[in-house]
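Hello,

Here is the structure I promised to pass on to you. Have a look first, and then read my notes on what turned up in it.

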Amino acid sequence: MSAPKTLRILVLPGDHVGPEIMAEALKVLDVVEQSRPDLRFQRDTDLVGGCSIDKHGVPVTDVVLEKALDSDAVLFGSIGGPEWAGAQPTPESGLLELRRKLNAFANLRPCEILVPSLVGASPIRPELVAGTKFIVVRENCGGAYFGEKREETDQASDLWVYSRSEVERLAQVSAAVARMLHASIAGGGDKSPKPVVWSADKANVLASGRLWRRATSDIFQREIPDVELRHQLADSMAMLMVKNPRQFNHSAIHTDNTFGDILSDISGGITGTLGVLPSASLAGVPGDGSCKGIYEPVHGSAPDISGKGLANPVAQILSVAMMLRYSFLLEEEAAAIEQAVIKVLDSKDNGGLAIRTGDLGGKARCSEQLGLPIPSSIEPL
Ligand code: ATP
Ligand code: MG
């Protein structure tokens, strides 16, 4: 048999609950590796965030940045905590440096109610929110957050600049994500004939918004005819997401840095389940050769519950699924992990409670030996 293909993963557990949830996620990766003798996940673990400040005086070292560049994907935990309050640079700036170094320009945040019985965690009425599933694709390296800044006592400005090429490369990611979502749903029902991308901008008031709309329309017309493009003003998109989130089902929401920041937080708030939301920051288009990415939970380091075994590891485990899907194109394995998570969240333990951590109203601990049978539909995992 030929040598297994090696995929190199830089593992950065970070601070507080980061290492606890990462340990569980890596167990899942072990199972995938066992089921694929043709693949080897070569892992290198290092420090980032507060723990790196303590040891090296900086939140991320040049060595770690080089390792990230050298790896096929970065699995990231969570960083920061009260013990580094006031530290300069901050623990969080380590993640920003990492994103910049990899040029991870596309931030993906899925909005999904994983199991029907979790609708109760949403602030939105169950009949409106049940079955919601879409992904916000936020431009992460440009726009107002990175433009020239001027700050005087009584006046301040941020330059909000986009170039056509920045919009185009994100459009390719949004289209790839929409295709993958479309392919993952069974036919019939509410399945649209084509994958759908919703583009959110403020073309009515911002020049950069008009460029966003033009550049997006042009590239869809020229290079992405298989995906339907719909335009929406970002403010009205925010309202529609809250009023009727399911109308965006199985689509990608293509948007800039500022609006993406807001829309992706809204999409997290819609589910009400911070402990189960993964995210990805991609440095390329999935399926287009190698697409590096940083994969991490949406939630922070949760210092209030760290060291007690109470953290929910699901967001970190689903981040592994995203890594397999987008960086390694292992769709079957990614979907198997998602199905396994759903199975666990739906299972009952001896006390009649679903196997869930405290944030989801259960009593399970971060690390549990469940001894559940492996469902035949996802064997050999
Ligand atoms: P950051 O600024 O780093 O995002 P934050 O203060 O916004 O941090 P989190 O660290 O995400 O917030 O925590 C918010 C709340 O959610 C805390 O009470 C925390 O305990 C809880 N929480 C976050 N992640 C988890 C998790 N994986 N499991 C259980 N509870 C969690
Ligand atoms: Mg926060």
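A definition to begin with: helix axes here are lines fitted to C-alpha atoms over the stretch in contact, and angles run from 0 to 180 degrees between N-to-C directions. Helices (H or I, at least four residues) and strands (E, at least two) are DSSP runs, numbered from the N terminus.

Some housekeeping on the source. This is a predicted model, in which local features need pLDDT of at least 70 and side-chain atom pairs count only at pLDDT 80 or more, while totals for chains, interfaces and linings use all residues. Residues are numbered from 1 along each chain as its sequence is written, and chains are lettered from A and ligands numbered from 1 in the order in which they are written.

**The α6 and α7 pair**

Two packed helices are described by the angle between their axes and the distance between the axes. For α6 and helix α7 (residues 207-223), the angle is about 50° and the axes are 9 Å apart. The two helices are therefore oblique to each other; angles under 35 degrees count as roughly parallel, over 145 as roughly antiparallel, 65 to 115 as roughly perpendicular and the rest as oblique. On the α6 side the contact is made by Arg164, Val167, Glu168 and Ala171, and on the α7 side by Leu211, Trp212, Ala215, Thr216, Ile219 and Phe220. Contact here means that the C-beta atoms of two residues, placed from the backbone, lie within 7 Å. The crossing of α6 past α7 is right-handed, a term used if the near helix is turned clockwise from the far one by less than a right angle, with left-handed for anticlockwise.

Val167 sits in helix α6 (residues 164-184). Is Val167 buried or exposed? Val167 is buried, because 24 other C-beta atoms lie within 10 Å. The cut-offs are 20 or more other C-beta atoms within 10 Å for buried, 12 or fewer for exposed, and partly exposed in between, with C-beta atoms placed from the backbone. Leaving aside neighbours within four places in sequence, Val167 is in contact with Tyr162, Leu211, Trp212, Ala215 and Thr216.

Apart from neighbours within four places in sequence, Glu168 is in contact with Ala215 and Ile219.

**The α10 and α11 pair**

Here the packing angle is about 160°, with the axes 7 Å apart, so α10 and α11 are roughly antiparallel to each other. The crossing of α10 past α11 is left-handed. From α10 (314-327), the residues Val314, Ile317, Leu318, Val320, Ala321, Leu324 and Arg325 meet Glu331, Glu333, Ala334, Ile337, Glu338 and Val341 of α11.

Buried residues of α11 are Glu333, Ala334, Ala336, Ile337, Glu338, Val341 and Leu345, and their cover includes α1 (17-35) and α10.

In α1, the buried residues include Val17, Ile21, Ala25, Val28 and Leu29. Among the elements covering the buried residues of α1 are β3, β12, α10 and α11.

**The core**

A nonpolar core is a set of buried Ala, Val, Leu, Ile, Met, Phe, Trp, Tyr and Cys residues joined through C-beta atoms within 7 Å. The largest one has 101 residues, of which Val74, Val137 and Val320 touch the most other members. The element that gives the most to this core is α10, with 10 residues. Beyond neighbours within four places in sequence, Val320 is in contact with Ala25, Val28, Leu29, Leu75 and Ile337.

**Backbone points to check by eye**

- The peptide bond from Gln88 to Pro89 is cis, with omega near -5°; Pro89 is in the loop between β3 (73-78) and α4 (92-102).
- Ala302 is not a glycine, yet has a positive phi of about 45°. This residue is in the loop between β12 (293-297) and α10, and is buried, with 22 other C-beta atoms within 10 Å.
- Leu329, in the loop between α10 and α11, has a positive phi near 55°.

Best wishes
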